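Colleague: Could you walk me through this model before I set anything up with it?

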Amino acid sequence: MSTAKRRALAIRDRYGLRSPPTDEALLAVCEAEGLTVLDGCPELVGRVREVLIEDCLCLACDLDPCERRWLIAHGLGHWLLHKPGVWFFHQDARAARSQQEWQAEAFAGWLLCAGEDGGPPPLAVLEEGVGAVCAWARAPYLSVERWLRAALAPGVPLRSRA
Ligand SMILES: [Zn+2]
């Protein structure tokens with residue numbers, strides 16, 4: 001099991017998170033882990049959606065609720081796996097990503113999208129395709145699709161958006 005997955009599942013266990021966790025539960029985990037979340041930071045413009053500076057996670061102004069959830073989970077991943085440091089999240093999904101960025105994405109996916117048993121999302125949801133997983137986990141399409149492709153065993157079919 002990857003480090004990011006192990007840490008995400010340990011956090012789910014420690015705080016008794018549901019599948020998927022509520023926004024309130026997610027923010028309570030951040031607070032308990034010493035991470036302050038600041039919404040609507042006017043300094044963040046354009047493609048920069050999130051910056052983690054020391055113990056403050058700064059989020060852009062115009063995030064939709066799904067994107068905001070994912071970014072909070074992503075930033076929490078950096079905070080738990082990579083601190084200290086300064087981390088940025090850019091909107092461009094195809095931007096070159098470091099090992100740490102992949103880890104933060106994997107952490108977010110396992111925190112928000114794992115089933116009750118700590119495995120993949122429930123089969124009934126998974127069988128409906130990526131869009132159904134997004135609706136269930138309230139998470140953004142591209143992030144969920146990338147995470148599912150990495151998280152699922154090879155050979156598990158995945159229905160993407162046409
Ligand atoms: Zn990041």
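Colleague: Fine, but what sort of model is it, and how are the residues numbered?

Modeller: It is a predicted model, in which local features need pLDDT of at least 70 and side-chain atom pairs count only at pLDDT 80 or more, while totals for chains, interfaces and linings use all residues. Residues are numbered from 1 along each chain as its sequence is written.

Colleague: Start with H4, then; how far apart are its end C-alpha atoms?

Modeller: They are 21 Å apart, which agrees with the 21 Å that the 15 residues of helix H4 (residues 99–113) should span at 1.5 Å a residue. The expected span is 1.5 Å times one less than the number of residues, and helices (H or I, at least four residues) and strands (E, at least two) are DSSP runs, numbered from the N terminus.

Colleague: How many of the residues of H4 are buried?

Modeller: 11 of the 15 are buried, so H4 is largely enclosed by the rest of the structure. A residue counts as buried if 20 or more other C-beta atoms lie within 10 Å of its own, as exposed if 12 or fewer do, and as partly exposed in between, with the C-beta atoms placed from the backbone. Among the buried ones are Phe-107, Trp-110 and Cys-113.

Colleague: Which helices do those buried residues pack against?

Modeller: The buried residues of H4 pack against helix H1 (3–14), helix H3 (65–82), helix H6 (130–137) and helix H7 (141–151). Leu-81, which lies in H3, is in contact (C-beta atoms, placed from the backbone, within 7 Å) with Gln-103 and Phe-107, and also with Thr-3, Ala-4 and Arg-7, leaving aside neighbours within four places in sequence.

Colleague: Is Leu-81 itself buried, partly exposed or exposed?

Modeller: Leu-81 is partly exposed, because 16 other C-beta atoms are within 10 Å.

Colleague: Switching to H6 and H7, at what angle do their axes cross?

Modeller: The axes of H6 and H7 cross at roughly 115° and come within 9 Å, the axes being lines fitted to C-alpha atoms over the stretch in contact, with angles from 0 to 180 degrees between N-to-C directions. That makes H6 roughly perpendicular to H7, given that angles under 35 degrees count as roughly parallel, over 145 as roughly antiparallel, 65 to 115 as roughly perpendicular and the rest as oblique.

Colleague: And which residues meet there?

Modeller: Val-130, Gly-131, Val-133, Cys-134 and Ala-137 in H6 meet Tyr-141, Val-144, Glu-145 and Leu-148 in H7.

Colleague: What does Trp-136 touch?

Modeller: Trp-136, found in H6, touches Pro-20, Pro-121 and Val-125, not counting residues up to four places away in sequence. Its C-alpha atom is separated by 8.3 Å from that of Cys-113, 23 residues apart along the chain.

Colleague: Which peptide bond is cis, then, and where is its proline found?

Modeller: The bond from Ser-19 to Pro-20 is cis, with omega near -10°, and Pro-20 is found in the loop between H1 and helix H2 (23–32). Most peptide bonds are trans, and most residues other than glycine have a negative phi.

Colleague: On phi, what should I know about Glu-54 and Arg-138?

Modeller: Glu-54 has a positive phi of about 50° although it is not a glycine, and it is found in the loop between strand E2 (48–53) and strand E3 (56–59). Arg-138 also has a positive phi of about 50° and lies in the loop between H6 and H7.

Colleague: How exposed are those two?

Modeller: Glu-54 is exposed, with 12 other C-beta atoms within 10 Å, whereas Arg-138 is partly exposed, with 18.

Notes:
Contact = placed C-beta atoms within 7 Å.
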